[in-house]
Amino acid sequence: MPKAIRSVNDFVIKFANVNGSGSASANEMFARAVMRMGVPIATRNIFPSNIQGLPTWFEVRVSEKGWPGRRGGCDLMVAMNPQTWDKDIASIDPGGYLFYDSSKPMPESKFRSDVNVVGMPLTEICNRTYKDPRQRQLFKNIIYVGALSALFDIERATVEKLVREQYGSKQQLLESNIKALNLGYAYAKEHLAGLCNLKVAKSGAVGNRILIAGNDAAALGCVYGGATVAAWYPITPSTSVAEAFAKWCRKFRVDPETKRHRFAIVQAEDEISAIGVVIGAGWNGARAFTATSGPGISLMQEFLGLAYFAEIPAVIFDVQRGGPSTGMPTRTQQADILLCAYASHGDTKHVLLFPEDPRELFEMAALSFDLAERLQTPIFVMEDLDIGMNDWLCEPFQWDDSRVYDRGKLMTAAELEAGKTFGRYLDVDGDAIPYRTLPGTHPSKGAYFTRGTSRDRFAKYSEDGAVYVDNMQRLLRKFETAKSLVPAPVLRRAREPARYGVIYFGSTSAPMAEALVSLEQAGLHLDTLRIRAFPFRDEVADFITAYDQVFVVEQNRDAQLRSLLVNECAIDPARLISVLHYDGTPVTARFITAAISERLQIRAKEAAE
Amino acid sequence: MTYLPKPKFHHPALPKNALGFTHRDYEGSISTLCAGCGHDSISAAVIQACFELNLQPHRLAKLSGIGCSSKTPDYFLGQSHGFNSVHGRMPSVLTGANLANRELIYLGVSGDGDSASIGLGQFMHCVRRGVNMLYITENNGVYGLTKGQFSATADRGSRSKAGGINNDSPLDLVGLALLIGATFVARSFSGDKTQLVPLIMAGLSHNGPAFIDVISPCVAFNNHPGSTKSFEYVREHNEAVNRLDFMDPRQPITVDYEPGTTAEVTLHDGSKLRLAKLHADYDPHDRIAAMTYMQQRASAGELVTGLIYMEPEARDMHATLNTVDVPLNGLSEKQLCPGSAALEKVNASLR
Ligand SMILES: Cc1ncc(C[n+]2csc(CCOP(=O)(O)OP(=O)(O)O)c2C)c(N)n1
Ligand code: SF4
Ligand SMILES: [Mg+2]
């Protein structure tokens, strides 16, 4: 027997499956069972851009400490895909476990001597039990979930309850699933006992946290934030935002008496049209959004400039994926930062929000509509595939019932009637945000002609250079106003005075917290600043100048946030050291720890010499 | 410039409509188009139609793309909100505006370049989605604003001012509108106010996607011999299928047509359209027959004008989407936000 990893509530299990084999829901059920045992999990789907037949992986990190990031490595591999066998076996940590279908004999060369093998004749059991080939495939998944539960000491009743919740209304499906579950459970108890030293023990560490994917949370945030119009065009990884919005609207936005909808969802013919619909709706006073990914943002460029210049509220969810071009459409990146910050031709700057997890995404989604109407401009919510499409364990959602929507500076019919001066592009109170009127407000006052061409403070067409500059300057001042309205960065001080800082944002938050603990254990103390929005508030530049140097951790090749920092905060580039991860997988704590400690050790050595 | 600056005061003798508005109340800024441009005549027809329809100007929203034609919404209905968007993308902006507030009347104004070239996709999808609007293309067969390049509606063999010949097949927007489900389809000529004004009135009153293709000669780049969109050419080849008389229920009916040659159509709001039939066999309620007829006349070199097709019982996008009767932009937090108790239940379902 090789050395065997022993661990309770702290390990990584990876499922290697074939896309379209029905494994996804079984794997998720397994993960949720661990969570129901009170043990925190972090799950990641790694899937191809295809519907059926290609390899997919599902990773479950079981973590009593509740680390939400990928750890890296793998303690137990459920190898269900012959196509990827060799690669999968190679990725198991020494002393780890291989769980596989032992129905067919395999040559010894296919195994590793430093990995513990747990074989179960899944196909044989299925063929014996089921006649229908489809059932043989589907129940195979549930059978291994049963077996794994037994291996890890997950209570059978906990899993059974999950099956009941999922198939509750469909009696026949329910019974056959429970039968399959028990089959697997009983087999493992009888034949596999003692083969696995990875265990799940009941815990209270999950607390009242919830498990949800970012796109689902974003859509719920849109419902809470008062969005009524959504226009979109299908693209991975953003499609599920629109789908989830439809789901939540069916639940919360159907008039109880008339059954009519308090929402409108348009699947547009392309992303240009989708953003056009959003801009038309925003111009006319509805809270509207679109959800897309990099290629869609590329198509929307002209319209985004119009919305910036004509000052029209709009909310755009960019669920970032690997680019450029079609790039790695089902892998994660943070590589649209510059594309969105300066979207469109001419001088433009846009407000970006960087949520760290689904909970914050829910809040930022709701907030984005207030910001869009207050600032009368497009707001980008910068998700990425990791947050958007993976289930995250996060704090429960909260809502303050006394909250009212900020509809921004809307001049009413009564104000117009009372003779209040209306200049569509007139800054009346110094915040550089003008008043707007909605179509149909007043019979004879407040109408104006919206256009992308330059015009004076009263919306009258003008090609006069001074008039144009006046307006562009006001737009710059409006961006200054935005600084005070966007979420502030989050500062975390190290336990000991630090000479170095770290800046990070978005989904990097998950591994960062964990990396900091490891770095601290190695005696490396760093203060951190999590950036939550662009424009950067003054705290950001203050932070950078307070340290010898600051690491900027990003999930793209070109250090896009760093460029934005250098450019917008007039920072000496030498102050900022990039830590970049962009292979399409979420950045891990191990990666960050290694990259930073390596740099700091070099620095220490240089200083000593 | 076609309009001279006008004094602000209203002449007491100006005729008023039922709302007490004069013509002036429907006018806009002074046009900056070339003198004699067909587009200005269309603006005048829009003003006339809205005046006669007794529309409250502020209850109409006018949207356009980019082009000389798309500039025109600035030149009529100065009390209405307008949106001069981007080239070829007005249909999506109009769709969004309409979703936000179903109670306003939406007028989309576009050009042949704007709708048949860069915006062809948006035009088609907006129509097939059933957006309640009147969509007018001011069709001159050229890109006026960029100085005379052929547009996609230019006829094969037509000659540009610079002497080039168009060898590509033309796109027929009327044919496309019929094909993709517009429920009101008409064609007219900017120089034929008698025909155009009632068509615009009927189009604005229609409850669904209404489309009027208005041939509108560009005097600067497409009004020479060899052009098939010139004043001369259109006058010679015009073949009107019917004459229209639009009767608002609030107005006494003053014109009467010869019995036997008229047909009455009631619109959803109770107003009536009276068609003086020039062709006894032309039935504007038969989409397939209309399509066939268009093709036949086109191959005979004739340009059919008039009301080509109409579905009186048309439904719009809001019916398909089953949205509430009230405008979405007027819903309150109470109607939109499920609140904290509901959120607690959501949380519970995610554990
Ligand atoms: C994206 C983009 N491409 C090109 C242009 C330049 N452009 C302005 S108007 C126009 C053509 C307008 O033709 P049409 O719609 O027929 O209007 P007309 O001027 O003939 O009334 C073009 C190509 C533009 N404004 N935007
Ligand atoms: S260029 Fe042609 S379309 Fe444009 S304003 Fe002049 S006449 Fe009209
Ligand atoms: Mg044209």
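**Close-up views of the predicted model**

**View 1. A salt bridge within chain A.** In this predicted model, the side chains of A:Asp86 and A:Lys110 form a salt bridge, with 3.3 Å from N to O. The pair ties together distant parts of the chain, 24 residues apart: A:Asp86 sits in helix 2 (residues 85-90) of chain A, while A:Lys110 belongs to the loop between strand 6 (97-101) and strand 7 (116-120). Side chains of opposite charge can pair when their charged atoms come close. Over all chains, the count comes to 55 salt bridges.

**View 2. Where chain A meets chain B.** Here 69 residues of chain A are in contact with 55 residues of chain B. Together the two chains bury about 5,200 Å², and 61% of that area is on carbon and sulfur atoms. Look out for A:Arg260, A:Glu269 and A:Phe449, which supply 13% of the area that chain A buries against chain B, more than any other three residues.

**View 3. Polar and charged links across the interface.** Between chain A and chain B, 28 residue pairs are in polar contact, both residues being at pLDDT 80 or more. Three salt bridges cross the interface as well. A salt bridge joins the side chains of A:Arg451 and B:Asp74, at 3.3 Å from N to O.

View 4. Which elements of chain A give two or more residues to the side that touches chain B? Among them are helix 1 (23-36), helix 7 (214-224), helix 8 (239-252), strand 11 (264-267), helix 9 (271-283) and strand 18 (449-451). Helix 9 of chain A gives the most, with eight residues. By residue kind, this side of chain A divides into 36 nonpolar, 19 polar and 14 charged.

**View 5. Strands that pair between the chains.** Strand 18 of chain A and strand 2 (residues 81-84) of chain B run parallel and are joined by three bridges.

**View 6. Ligand 1, a shared site.** Residues from both chain A and chain B surround ligand 1, so the site is shared between chains. Of the 18 residues around ligand 1, those that come nearest are B:Ser69, B:Asp112, B:Gly113, B:Asp114 and B:Gly144. Which distances are worth a look? A polar backbone atom of B:Asp114 is 2.7 Å from an oxygen atom of ligand 1. A polar backbone atom of B:Cys68 lies 2.8 Å from a ligand 1 oxygen, and for B:Asp112 a polar side-chain atom is 2.8 Å from an oxygen of the ligand.

**View 7. The shell around ligand 2.** Residues surrounding ligand 2 include B:Cys34, B:Cys37, B:His39, B:Cys68, B:Asn140 and B:Cys218. B:Leu33, B:Val219, B:Ala220 and B:Phe221 are also among them. How many residues of this shell are nonpolar, polar or charged? The shell divides into eight nonpolar, three polar and no charged.

View 8. A cis peptide bond links A:Thr236 to A:Pro237, with omega about 5°; A:Pro237 is placed in the loop between strand 10 (229-232) and helix 8. Another cis bond runs from A:Phe534 to A:Pro535, with omega near 5°, and A:Pro535 lies in the loop between strand 22 (533-534) and helix 18 (538-545). A:Asp153 is not a glycine, yet has a positive phi of about 65°. A:Asp153 is found in the loop between helix 4 (133-152) and helix 5 (156-167).

Conventions:
Residues are numbered from 1 along each chain as its sequence is written. Chains are lettered from A and ligands numbered from 1 in the order in which they are written. This is a predicted model: local features need pLDDT of at least 70, side-chain atom pairs count only at pLDDT 80 or more; totals for chains, interfaces and linings use all residues. Side-chain values use heavy atoms; hydrogens and water are left out. Contact means heavy atoms within 4.5 Å. Buried area is the accessible area (1.4 Å probe) that two parts lose on being put together, summed over both. A salt bridge is a side-chain nitrogen of Lys or Arg within 4 Å of a carboxyl oxygen of Asp or Glu. A polar contact is a pair of N or O atoms within 3.5 Å; within protein, one must be able to donate a hydrogen and the other to accept it, and residues adjacent in sequence count only if both atoms are side-chain atoms. Helices (H or I, at least four residues) and strands (E, at least two) are DSSP runs, numbered from the N terminus. Ala, Val, Leu, Ile, Met, Phe, Trp, Tyr, Cys and Pro count as nonpolar, Asp, Glu, Lys and Arg as charged, and the others, Gly among them, as polar. Two strands pair if DSSP finds at least two bridges between them. A residue is near a molecule or strand if one of its heavy atoms lies within 4 Å of it.
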